[in-house]
Amino acid sequence: MNENFDIENSLKGLKKETGFSTPDGYFDNLAHKIQARCIEETRVPEKTSLIQILKPQLAFISMITIFGLLTFSVYKLVIPNYSIKENISSIELNIEDFDYIDIEEEIIVDALISESDTSQLKEQEQEEEISDELLHYFIENHADFTTLLEYY
Amino acid sequence: MSNQYSDKELIEMFKKAESQNFAFNLILQKYQERMYWHIRKIVVCHEDTDDVLQNTFVKVWKGLNNFREDSQLYTWLYRIATNEALTFLKRKKTRYLFSISDYENQLSNSLKSDPFFDGDKLQLKLQKAILSLPNKQRVVFNMKYFDNMKYDEMSEILDTSVGALKASYHHAVKKIEKYILDN
């Protein structure tokens, strides 16, 4: 098979030119441009310190830290403390349970006194119970009259 | 002036520090146009060709000291230029991954209004037909049809067997013929 003949038949009438062109004077300055680029590419870079090498990573870490701090501050300022809120709401509920009346100072004081009285009474009762038990104990164990007197 | 020296002499001059820049300048003078048109046929756009060409010669500048001379200098240059151009197209295609039209379609559509395309209607149709080929097949077709390169040279540059290149070229011609007839 004559390959070239086949191809000439297939692509008959077509010029063997691409039709592409270049800007005027393109090749005149090309060598100079390429050589300048080559020298630039092979220039030895200046020695860089560790900080300069790590600069992007350090910048990224500081950015994350600042952002985290800002977010935390905003959270603390804007969003209220839930435990205080719960207490307030329970107090509010308790207040709502009571019928609201104008409570005078005297009533409050009397209530406080009676509370302390009842507590004192309770203490006295407890003491009496103990002394009765002791008395029974001494009698049963034939304690001296003088011991009894000392105690009472 | 660059033709005064053979490739071997240019390489020797380049490897000496005092004559490196001079040798490289001569290499540029000798091969810049050939490399440009080879790359241009692959990437089509002038600006892209300029970028790829510069990248190619930067690689040549960096690698020429280690060039083992197991092939011809121009074969080595062609290989670098081809790889750079194909890598460039691959990168462009990735950017167009989720686009409705692919990169080749974009190139094809922009050819008509390209200020650096002076071809007639038939040449425009031929370029569009070539753009419809897979990248490597396009390279094979361009090297054979426009540059009239021998299969042995192409085999060295593209690291592909002569048989595979012949088959690829044959298929490319058939596809182009069909495209031109259909359009």
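Predicted model: local features only at pLDDT ≥ 70, side-chain atom pairs only at ≥ 80, totals over all residues.
**From one buried alanine to the whole assembly**

B:Ala81 counts as buried, because 25 C-beta neighbours sit inside 10 Å. The cut-off for that label is 20 or more other C-beta atoms within 10 Å.

B:Ala81 belongs to helix α4 (residues 73-95) of chain B. Set aside its neighbours within four places in sequence. B:Ala81 is then in contact with B:Met35, B:His38, B:Ile39 and B:Thr56. Now take B:Asn55. B:Ala81 and B:Asn55 are 26 residues apart in sequence, yet their C-alpha atoms are 8.5 Å apart in space.

Leaving aside its neighbours within four places in sequence, B:Leu77 is in contact with B:Tyr31, B:Met35 and B:Val60. B:Met35 is also among the contacts of B:Ala81.

B:Leu77 leads on to the core. The largest nonpolar core has 46 residues, and B:Ile39, B:Leu77 and B:Val140 touch the most other members. Helix α2(B) gives this core its largest share, 11 residues. The core also draws on both domains of chain B: domain 1 (1-118) and domain 2 (119-183) each supply at least three residues. As a rule, nonpolar side chains in soluble globular proteins tend to be buried together.

Step back to chain B as a whole. Chain B has 9 helices and 0 strands. Its pattern along the sequence is α-α-α-α-α-α-α-α-α. Of its 183 residues, 33% are buried. Consider the contacts in chain B between residues at least 6 apart in sequence. Of these, 60% join residues at least 24 apart.

Next, one helix pair. The axes of α5 (residues 103-111) of chain B and α6(B) come within 9 Å and cross at roughly 175°. Angles over 145 degrees count as roughly antiparallel, so α5(B) and α6(B) are roughly antiparallel to each other. Which residues of α5(B) and α6(B) meet? From α5(B) come B:Glu104, B:Leu107, B:Ser108 and B:Leu111. From α6(B) come B:Leu124, B:Gln127, B:Lys128 and B:Leu131. By class, this contact has 4 nonpolar, 2 polar and 2 charged residues.

Helix α6(B) has buried residues of its own: B:Leu126, B:Gln127, B:Lys128, B:Ala129 and B:Ile130. B:Gln127 and B:Lys128 also take part in the contact with α5(B). The cover over the buried residues of α6(B) includes α5, α7 and α9 of chain B.

Look at α7(B) in turn. Here 8 of the 11 residues are buried, so α7(B) is largely enclosed by the rest of the structure. The buried residues are B:Arg138, B:Val139, B:Val140, B:Phe141, B:Asn142, B:Met143, B:Lys144 and B:Tyr145. B:Val140 is one of the core residues that touch the most other members.

Two loop residues deserve a look at the backbone. B:Val44 lies between α2 and α3 of chain B. Its phi is near 75°, a positive value in a residue other than glycine. B:Asn148 lies in the loop between α7 (135-145) and α8 (151-158) of chain B. Phi of B:Asn148 is near 50°, again positive in a residue other than glycine. B:Asn148 has 9 other C-beta atoms within 10 Å, so B:Asn148 is exposed. The cut-off for exposed is 12 or fewer.

Chain A remains. Chain A has 6 helices and 0 strands, in the pattern α-α-α-α-α-α. Buried residues make up 3% of its 152 residues.

Finally, the interface. On the chain B side, 28 residues are in contact with 22 residues of chain A. Helices α2 (20-43), α3 (46-63), α6 (121-131) and α9 (162-182) of chain B each supply at least two residues of the side that touches chain A. The largest share, 9 residues, comes from α2(B). By class, this side of chain B divides into 13 nonpolar, 9 polar and 6 charged residues.

How values were computed
Residues numbered from 1 in each chain as written. Chains lettered and ligands numbered in written order. Contact = placed C-beta atoms within 7 Å. Helix = DSSP H or I, 4+ residues; strand = E, 2+ residues; numbered from the N terminus. Nonpolar A, V, L, I, M, F, W, Y, C, P; charged D, E, K, R; others polar. Axes fitted to C-alpha atoms, helices over the stretch in contact; angles between N-to-C directions. Parallel < 35°, antiparallel > 145°, perpendicular 65-115°, else oblique. Core = buried A, V, L, I, M, F, W, Y, C linked by C-beta atoms within 7 Å. Domains from an automatic or database assignment.
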